[in-house]
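Here is a friendly walk through one protein model, meant to be read with the structure open beside you. Take your time and turn the view as you go.

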Amino acid sequence: MKYVAVLFLLICSFLIPPSVNAQYRYPWPGILPDHPLYKIKVLRNKIIEKLIYSPVRRVEYDLLTADKMLYAAELLNTKGETRLAKETILKGENYMSKLVSDYFHASASGYRIPESLSVRISQAHVAHQTLIINLVAKAAPQDKKTYEDVLYFSRKNQDMLEGERSERIKANE
């Protein structure tokens, strides 16, 4: 009976198409920038960032921080803290730019970027751009420019990473 159930599940998994828009899970950002203790969190994060030696771990940390910042921007926007949301989303995308730089450094230094990390980065780009597009749609006219600029930089970062990956694949062939 177990074998029939396993066989049934396997057949169903091939028949049901995978979700194209799989839900990206953002990490909880913790203290938001509108909290009085937020500066202590920023200091802690800067210390942690300086202590990370491995270029691959630095890429992972950049991704984690960017995810937290973008989700924090969405939460701030929901709370009506538009000015802080715009600042936070700019900082979050800045971490994605830093991720690209650290990714190039790790690749150039001969470190192998795990495929799972590359996939997570690709998924993050799509999720971030979707989040930004949603914020543009909800934003007041005077705020749209900031979000559109962030979207532009997000797409540039994605293009640069995809170019690096395709060059790495060609070099390995």
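Predicted model: local features only at pLDDT ≥ 70, side-chain atom pairs only at ≥ 80, totals over all residues.

From α3 come Val 56, Val 59, Glu 60, Leu 63, Ala 66, Asp 67, Leu 70, Glu 74 and Asn 77, and they meet Leu 117, Arg 120, Ile 121, Ala 124, His 128, Leu 131, Ile 132 and Leu 135 of α5. Sorted by class, this contact has 11 nonpolar, 2 polar and 4 charged residues. The axes of α3 and α5 come within 11 Å and cross at roughly 20°. An angle under 35 degrees counts as roughly parallel, so α3 is roughly parallel to α5. The crossing of these two helices is left-handed.

Helix α5 also packs against α4. Helix α4 covers residues 82–108 and helix α5 residues 115–138; their axes lie 12 Å apart, at an angle of about 155°. Angles over 145 degrees count as roughly antiparallel, and therefore α4 is roughly antiparallel to α5. Here, too, the crossing is left-handed. On the α4 side you will find Ile 89, Glu 93, Met 96, Leu 99 and Tyr 103, which meet Ser 118, Ile 121, His 125, His 128, Leu 131, Ile 132 and Leu 135 in α5. The contact of α4 with α5 has 8 nonpolar, 3 polar and 1 charged residues.

Next comes the packing of α2 on α3. Their axes come within 11 Å and cross at roughly 160°, so α2 is roughly antiparallel to α3. The crossing of α2 and α3 is left-handed. Tyr 38, Asn 45, Ile 48 and Glu 49 in α2 meet Arg 58, Tyr 61 and Met 69 in α3. By class, that contact has 4 nonpolar, 1 polar and 2 charged residues.

| α3 and α5 | within 11 Å | roughly 20° | 11 nonpolar, 2 polar, 4 charged |

Now for the aromatic rings. How many aromatic pairs does a search of the whole structure find? The search finds 4. In one of them, the ring centres of Tyr 26 and Tyr 71 are 5.7 Å apart and the planes are at 5°, so this pair is stacked. The two tyrosines sit in distant parts of the chain, 45 residues apart: Tyr 26 is in the loop between α1 (2–15) and α2 (38–51), and Tyr 71 is in helix α3 (residues 55–78). Ring pairs also join Tyr 24, Tyr 26, Trp 28 and Tyr 71 into a cluster. Tyr 152 and Phe 153 make an edge-to-face pair, with 5.4 Å from centre to centre and 70° between the planes. Tyr 152 is partly exposed, at 48% relative accessible area, and Phe 153 is partly exposed as well, at 44%.

The loop between α1 and α2 also holds Ile 31. This residue is partly exposed, with 30% relative accessibility. Leaving out residues up to four places away in sequence, Ile 31 touches Leu 37, Tyr 38 and Lys 41. Ile 31 and Ala 72 are 41 residues apart in sequence, with their C-alpha atoms 8.7 Å apart in space.

Is Lys 86 buried or exposed? Its relative accessibility is 18%, and buried means under 20%, so Lys 86 counts as buried. Lys 86 belongs to helix α4. Apart from neighbours within four places in sequence, Lys 86 is in contact with Gln 142, Asp 143, Thr 146 and Tyr 147.

Finally, step back to the whole chain. The protein has 6 helices and 0 strands, following the pattern α-α-α-α-α-α along the sequence. Of its 173 residues, 38% are buried. Among contacts with a separation of 6 or more, 74% are between residues 24 or more positions apart.

Technical notes:
Residues numbered from 1 in each chain as written. Heavy atoms only, no water. Phe/Tyr/Trp six-rings, centres within 6.5 Å; stacked < 30°, edge-to-face > 60°. Buried < 20%, exposed > 50% of the residue type's maximum accessible area, 1.4 Å probe, protein only. Contact = heavy atoms within 4.5 Å. Axes fitted to C-alpha atoms, helices over the stretch in contact; angles between N-to-C directions. Parallel < 35°, antiparallel > 145°, perpendicular 65-115°, else oblique. Left-handed = near helix turned anticlockwise from the far one by under 90°. Nonpolar A, V, L, I, M, F, W, Y, C, P; charged D, E, K, R; others polar.
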